[in-house]
Amino acid sequence: MRVTPCQAALAATITLNLLLLYCAWRGPASPAPPCRPPHGVPGVTVLLRDFEDFENDVAATARSFAALPVPVLVAAEAAPYPPVPLPPGVAFLPLRPIADRPPPHPELHVRTRHVALVPDGTRAVPGLLERMRDALEDGDARLVVAPVGSAPLRCLELRVEPREWTARYGAGAPGRCRAVEGPAVLLLRTRDLFALPFPLAHPAPAAVFIQAALRRWGLRVVPAAFPAAQRPPLSPHARWKAENLAETRRRQLMRDLGIKREVLADGRERWYGCGKETPRCFGTVHARTPQYLLAGRWTPPCCLRALRETARHVTAALEAAGVRYWLEGGSLLGAVRLGDIIPWDYDVDLGIYREDVKKCRWLAAVAARGEAVEDAEGFLWEKAAEGEFYRVHYSRSNRLHVDLWPFYPRGGVMTKETWLGHPQDVEFPERFLVPRVPVPFAGFTAMAPNDARAFLELKFGPGAVENPEYPNPAVKRLHQD
Ligand code: ZN
């Protein structure tokens, strides 16, 4: 079929008209993607994000702000159930994609220049959102917060260290907060919110504060407060449910943001990484370069903690049995440099005298039976499949481990059966072990070769202690980070 230019023009005109008609018909409060360009209109859109499906105050909170009037959107993975009777003009914004619907594009639904994340149970105050907006536009803060309820907000310092998978809170100096503690309304530019990789992750305050801290956004607190609704206390069951959900959400958020440890202002810690019951945080290591190093990160803190615990457990067992062991390779390097595991290392290496293996019941059992043995504390001892050495895992599921390399003296030189071909994997004079000396390592005292520096230079080359480098510089070098 041939189409003349005239027919083509006609078809284009009809299509355009149909499109315009569709836009007019959908109306502004519709949950379908709007046809107007977003983020242009002066004003503030209120987003309700943090609420429970049960015993929530969403309808009343939405009504209170819709009466100001400002646009109000209720955002959740799926429509709340039981259904919430939203007041007229308030739209529900589903965030989880549904196979037979268009993909959710929450950023297309907020048409105002500013957006406020409002906690459930907040009541509107005429003019306060505008004051927050003015505070944002008058200063260099990218985030303005106001308290909800009568308690003042606690100003917090917040430093996020992606390489260490850690978020650290501290007491903030007034006027220089990076986060606040307590219920709060958060106001920011719409384009800033939706420039974040996780704009509507929840709990919304933690999600925004952490992403904002990574971008060094300033935060300003306005003292005027939004009132909190008078609500009946939650039933014990509802409180239990809410606490469980909050914990699940926080874990999900930290997984998304790549945080495995939060250090709170009072020094307490919250851990989100691996434990005895979970697999370790990284998969099989190829070319001595774990996946996290390629991602520009160091060993997750949970893994370092588990490695320290395993090393302490193994050395205590060896000492109790009278097995002569010493810190080897990267572990000795870490001990000499900083008294700890090197912050990007993924295992701990110990040398042992081969003739002492039979003294340790776990090693003797593994050597005799050829299969792994779990000890009373849940550590798993096994003979390595890769050669003549032993391996003690943090647990059956979490394969963080300490390697034990059996050496034996031959004419004054310590040698062994299995060589993995690493440059530092070489024989050495036995005099380094006569005597062995105690050194601080990973929170306890471990035994090391005497003259550790000479030992390390023999293995790694001159300057090994002073010049840190990743395990396999051919794959990735430290200065590339
Ligand atoms: Zn871990």
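1. Basis. The model is predicted; local features need pLDDT of at least 70, side-chain atom pairs count only at pLDDT 80 or more, and totals for chains, interfaces and linings use all residues. Residues are numbered from 1 along each chain as its sequence is written, and side-chain values use heavy atoms, with hydrogens and water left out.

2. Strand β18. Buried denotes under 20% relative accessible area, exposed over 50%, and partly exposed in between, with a 1.4 Å probe and protein chains only. Strands (E, at least two residues) and helices (H or I, at least four) are DSSP runs, numbered from the N terminus.

3. Parallel partner. Strand β14 (residues 348-353) runs parallel to β18 and is joined to β18 by 6 bridges; strands pair if DSSP finds at least two bridges between them. Within this pairing, Ile 352 has Pro 406 of β18 as its bridge partner.

4. Antiparallel partners. Strand β17 (residues 390-393) pairs with β18 in the antiparallel sense over 4 bridges, and His 393 is bridged to His 401 in β18. Strand β19 (residues 413-415) is also antiparallel to β18, with 3 bridges; here Met 414 of β19 is the bridge partner of Pro 409. The hairpin of β18 and β19 has 2 residues between the strands, and Gly 411 in this hairpin takes a positive phi near 60°.

5. Lys 358. This residue lies in the loop between β14 and α10 (361-369). Lys 358 counts as exposed because its relative accessibility is 65%. The C-alpha atoms of Lys 358 and Val 221 are separated by 66 Å, and the two residues are 137 apart along the chain.

6. The SG atoms of Cys 274, Cys 281, Cys 302 and Cys 303 coordinate the zinc ion at 2.2 to 2.3 Å. Donors are N, O and S atoms within 2.8 Å of the metal (3.2 Å for Na, K and Ca); water is not among the atoms, so sites may look incomplete. The arrangement is tetrahedral because the 4 donor atoms subtend angles of 94 to 123° around the zinc ion; four donors count as tetrahedral if all angles lie between 85 and 135 degrees.

7. Zinc donors in the chain. The donor residues are spaced C-x6-C-x20-C-C in sequence. Cys 274, in the loop between β12 (269-271) and α7 (291-294), and Cys 302, in helix α8 (residues 301-321), are 28 residues apart and link distant parts of the chain. Both Cys 274 and Cys 302 are buried.

Technical notes: Tetrahedral: all angles 85-135°; square planar, octahedral: opposite > 155°, others 65-115°.
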